[in-house]
Every structure is written in structure tokens, then in C-alpha cells.
Amino acid sequence: MPKTRLTAADPPKPPFDGGCACGQVRYHLLDHPLFVHCCHCTRCQRETGTPFAHHAMIEYTNFQITTGEPSYVLVPTDSGGKHWVARCPQCHTAMWNEHGTRKAITRYVRVGTLDEPGALPPLAHIFVRSKQAWILLDESTPKFRGYYDAAKAWPAESLARYDAAKKLRAQETKSAGAKAKKPTVKR
Ligand SMILES: [Zn+2]
Ligand SMILES: [Zn+2]
């Protein structure tokens, strides 16, 4: 079965490689992202210092760090939560976010840190209510005033992949918990 085409024309195939500005940390996406969006919320604007954040979401099972080890910085979100931002410890380029916990199901990869960022155009624009007025969006890409319902906007294949990763994570957490609870044998 052919893979779902997430990008127009003849898109480059995964893996998609990326990394920081100095090259100390490198990563790759083993498959197409689950979804790609541009977030125009004021928090993303502040955090990135740009008009919007361009994120490719991929489940943790299809994301690998290939070189180096990032440092994780905790950043507050508008919803009162927090997310971890993975940065190069040397040049501090922010490469991806992990929402809520370091055990998050998805990585929000900052598309601009990919070697070929043009390969992953957005499939939706979200929080366009705070979009900067000078940015003109094309008619064909779906737009949402605030957040969107992934169950409606994501392709069925992506939802299935997300669910599979979520189940796997739950199993891992369960078996890690069981291991930790094992009584220690006294001599
Ligand atoms: Zn670096
Ligand atoms: Zn945002």
C-alpha cells in the first residue's frame, strides 16, 4: 500500500534528518510526520521569536537522536501546563518540544531545524486569531481560529499510528512500574 502523501508534488521520502546549528545534536524522523501545522499563538511567537511556530509532530517510536545529547529546558505554556524544549547544549538551537512530560507520545519537531524544511509544508494553520496581519495564508490550507480537533484534522493513518504509540508507552510505563515494585531479596 502506498504511503499517505502528506506533502504536495513529489515529496522527499523519510527518514528526514535534522539538527542544531553547530552540528553537535542530530536527529531523524523515521517516517512521515503524523501531522504538520503552523501555530500562530502568541506563546509560540514569543518562544520562537518568529511570527509562528512550524511543527511536525511524530510519535516517539519514529524519532531518534542520532548524534549528541540535547539539554531539556522547561517552558511554561498558555494553558498553565509546561513543555520541555530540547536544545543543543552548545549552540542552544531549539529543535523540538515534548509536551507535559518527558514521556510524551509525540515530539513537536521544529521544521526549520530539518535539513530540508521545505519537504514538510503545513497541513493546517492554527490560532490564526492571533496571526500577524501581514502574513497572507494560501486558500487551500485549512485554518482554525484556535486549536483544532486532531481526530477530525489528522489523516486516519496518523490517528492509528498515534494510538499504537500511546498503547506501547502505556505498556512500557506499566512494566517499568512493575520492575520498580519488585521486592528486594534480603540476604
Ligand atoms: Zn549545536
Ligand atoms: Zn502555539
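Two strands pair if DSSP finds at least two bridges between them. Helices (H or I, at least four residues) and strands (E, at least two) are DSSP runs, numbered from the N terminus. In strand β9, Tyr-108 is the bridge partner of Met-57.

The model is predicted: local features need pLDDT of at least 70, side-chain atom pairs count only at pLDDT 80 or more, and totals for chains, interfaces and linings use all residues. Residues are numbered from 1 along each chain as its sequence is written, while chains are lettered from A and ligands numbered from 1 in the order in which they are written.

Confidence is given by pLDDT, the predictor's confidence in each residue, from 0 to 100. The protein chain averages a pLDDT of 90, and 90% of the residues score at least 70. Residues 1–5 have a pLDDT below 50, and this stretch has 5 contacts beyond near neighbours in sequence. Two residues are in contact if their C-beta atoms, placed from the backbone, lie within 7 Å. Where pLDDT is low, the predicted coordinates should not be read in detail.

The protein chain holds 3 helices and 10 strands. Read from the N terminus, the order of elements is β-β-β-α-β-β-β-β-β-β-β-α-α. Of the contacts with a separation of 6 or more, 58% link residues 24 or more positions apart. Buried residues make up 28% of the 187 residues in the chain. A residue is buried if 20 or more other C-beta atoms lie within 10 Å of its own, exposed if 12 or fewer, and partly exposed in between, with C-beta atoms placed from the backbone.

Strands of a sheet pair through backbone hydrogen bonds, either parallel or antiparallel. One open sheet has 3 strands in the order β1-β2-β5, with antiparallel pairing. Strands β1 (16–19) and β5 (63–67) stand at its edges, each with a single partner strand, so one side of each lacks a neighbour in the sheet. From one strand to the next, the twist averages 30°. Such angles run from 0 to 180 degrees between N-to-C directions, and axes are lines fitted to C-alpha atoms, for helices over the stretch in contact. Strand β1 is joined to strand β2 (residues 26–29) by 4 bridges, and the two run antiparallel. Here Phe-16 stands opposite Leu-29 of β2.

Another open sheet has 7 strands, ordered β6-β7-β8-β9-β4-β3-β10, and its pairing is mixed. Its edge strands are β6 and β10 (124–126), and each pairs on one side only. The twist in this sheet averages 30° from one strand to the next.

Strand β7 (residues 82–87) runs antiparallel to β6, and 6 bridges join the two. Pro-76 has Lys-82 of β7 as its bridge partner. The hairpin of β6 and β7 has 5 residues between the strands, and Gly-80 takes a positive phi near 90° there.

His-54 is found in strand β4. This residue counts as buried because it has 22 C-beta neighbours inside 10 Å. Leaving out residues up to four places away in sequence, His-54 touches Cys-38, Arg-110, Val-111, Gly-112 and Pro-122. The C-alpha atoms of His-54 and Pro-117 are separated by 9.6 Å, although the two are 63 residues apart along the chain.
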